[in-house]
Amino acid sequence: MNKEALTPLVIKAQAKDADALNELMSACYETLYYYAYNEVKDYDLAGDITQESCLEIMNTLENLRKPESFLSWAGRIVTHKCSRYYRQAKKEVYLEENEDGETILDHLPDDSRGSLPEQVQEDKEFKRIMWDMLDSLPPEQRQALLLYYME
């Protein structure tokens with residue numbers, strides 16, 4: 001549905017017309033799902049993000065000042081939800097354990113014994129940078145990399 005056809009529905013939905021709101025959300029759901037999928041590249045996750053976005057859109061529709069801008073406004077909500085997902089996923093680092101209950105962290109060498117304090121500090125900084133780089137990877141790549149080093 002194009003922008004011109006959505007505008008009257010948006011105006012009616014803002015006036016608390018439940019049928020118009022239902023029709024509006026039905027008309028733009030696929031487009032919003034497409035936005036989410038392009039960001040996360042996962043069908044199920046895109047569906048979850050789209051549903052969360054639709055709830056937020058419905059709850060905040062009265063705040064939209066320009067009804068003709070509905071689709072771009074709704075798209076920004078989807079993009080924001082995707083960004084929030086990535087920020088949360090980045091914080092939630094899951095380390096796979098092998099059959100002995102060890103993670104990759106258990107296999108990092110401790111080279112600090114007998115080293116100069118400057119070298120110990122440089123090693124800590126290097127490890128911090130490496131962990132930051134690892135945390136910035138998408139969850140699938142991070143998991144694959146961790147599994148590779150666990151073997």
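**Aromatic side chains**

Author: Phe 126 is found in helix α5, which spans residues 117-135. The model under discussion is a predicted one. With a relative accessible area of 53%, Phe 126 is exposed, because the exposed class covers values over 50%. Together with Ile 129, Met 130 and Met 133, Phe 126 makes a nonpolar surface patch of about 390 Å².

The pairing of rings comes next. How many aromatic pairs does the rule give? The count comes to 2. One of these pairs joins Tyr 37 and Tyr 43: the ring centres are 4.7 Å apart and the planes lie at 15°, so the pair is stacked. That label follows because planes under 30 degrees apart count as stacked. As to accessibility, Tyr 37 stands at 22% and therefore counts as partly exposed, while Tyr 43, at 56%, counts as exposed.

Phe 70 and Trp 73 also form a pair, with ring centres 6.0 Å apart and planes at 50°, so this pair is tilted. The angle is neither under 30 degrees nor over 60, and therefore neither the stacked nor the edge-to-face label applies. Both residues belong to helix α4, residues 70-91, where a spacing of 3 residues, about one turn of the helix, separates Phe 70 from Trp 73.

Methods. Residues are numbered from 1 along each chain as its sequence is written. This is a predicted model: local features need pLDDT of at least 70, side-chain atom pairs count only at pLDDT 80 or more; totals for chains, interfaces and linings use all residues. Side-chain values use heavy atoms; hydrogens and water are left out. Patches are made of residues with over 30% relative accessible area and no salt bridge: like charges are joined within 9 Å, nonpolar side chains (Val, Leu, Ile, Met, Phe, Trp, Tyr) within 5 Å. Accessible areas come from the Shrake-Rupley method with a 1.4 Å probe; for residues, only the protein chains shown count as cover. A salt bridge is a side-chain nitrogen of Lys or Arg within 4 Å of a carboxyl oxygen of Asp or Glu. Helices (H or I, at least four residues) and strands (E, at least two) are DSSP runs, numbered from the N terminus. Buried means under 20% relative accessible area, exposed over 50%, partly exposed in between (1.4 Å probe, protein chains only). Rings of Phe, Tyr and Trp (its six-membered ring) pair if their centres lie within 6.5 Å; planes under 30 degrees apart count as stacked, over 60 as edge-to-face and the rest as tilted.
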